[in-house]
Amino acid sequence: MNVTHTGDVLKKGSVREVNESFKIQKLLISTGDQYNPVLCVDFVNKGVEILQTIQEGDTVTVEMNVYSRESTTKPNTYFTNVRGWRITKTQTDDTAANTGAVVSQTDELPF
């Protein structure tokens, strides 16, 4: 399921390198919604690279996939993941004079 949300970056986690070919970084964004206003989005591999230009406090639009998978060790137990695949800094009136850099991960399709 492809989902798009816009919000302010609350926190950018540190990069966790699982092995040589897999690294992950978490990004917390505040959507301002009444219910569940904070989203934690995972960015992996090339996604970690696109987060380098994103700072806490930036207003961003994140395109992400939401998916679930069954545990391999516990039957009938499922894990849900939210994985970002594109992020765009959103230009506001305050930042219109600045460069509204667009950062995206377009070479890795979300499906």
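Visitor: Which residues does serine 71 touch, leaving out those up to four places away in sequence?
Guide: Serine 71 touches Thr77 and Phe79. Contact means heavy atoms within 4.5 Å. This is a predicted model, where local features need pLDDT of at least 70, side-chain atom pairs count only at pLDDT 80 or more, and totals for chains, interfaces and linings use all residues. Residues are numbered from 1 along each chain as its sequence is written, and side-chain values use heavy atoms, with hydrogens and water left out.

Visitor: Where is serine 71?
Guide: Serine 71 sits in the loop between strand S5 (59-70) and strand S6 (78-89). Strands (E, at least two residues) are DSSP runs, numbered from the N terminus.

Visitor: Is serine 71 buried or exposed?
Guide: Serine 71 is buried, because its relative accessible area is 12%. Buried means under 20%, exposed over 50%, partly exposed in between (1.4 Å probe, protein chains only).

Visitor: Now tyrosine 35. Buried or exposed?
Guide: Tyrosine 35 counts as exposed, because its relative accessibility is 63%. Its place is the loop between strand S3 (22-30) and strand S4 (38-44).

Visitor: How confident is the predictor in the protein, on the mean pLDDT?
Guide: The mean pLDDT is 85, and 82% of the residues reach 70 or more. pLDDT is the predictor's confidence in each residue, from 0 to 100.

Visitor: Which element has the lowest mean pLDDT?
Guide: Strand S7 (residues 102-104), at 47. S3 has the highest, at 96. Over residues 95-106 the pLDDT is below 50. That stretch still has 22 contacts in the model beyond near neighbours in sequence.

Technical notes: Helices (H or I, at least four residues) and strands (E, at least two) are DSSP runs, numbered from the N terminus.
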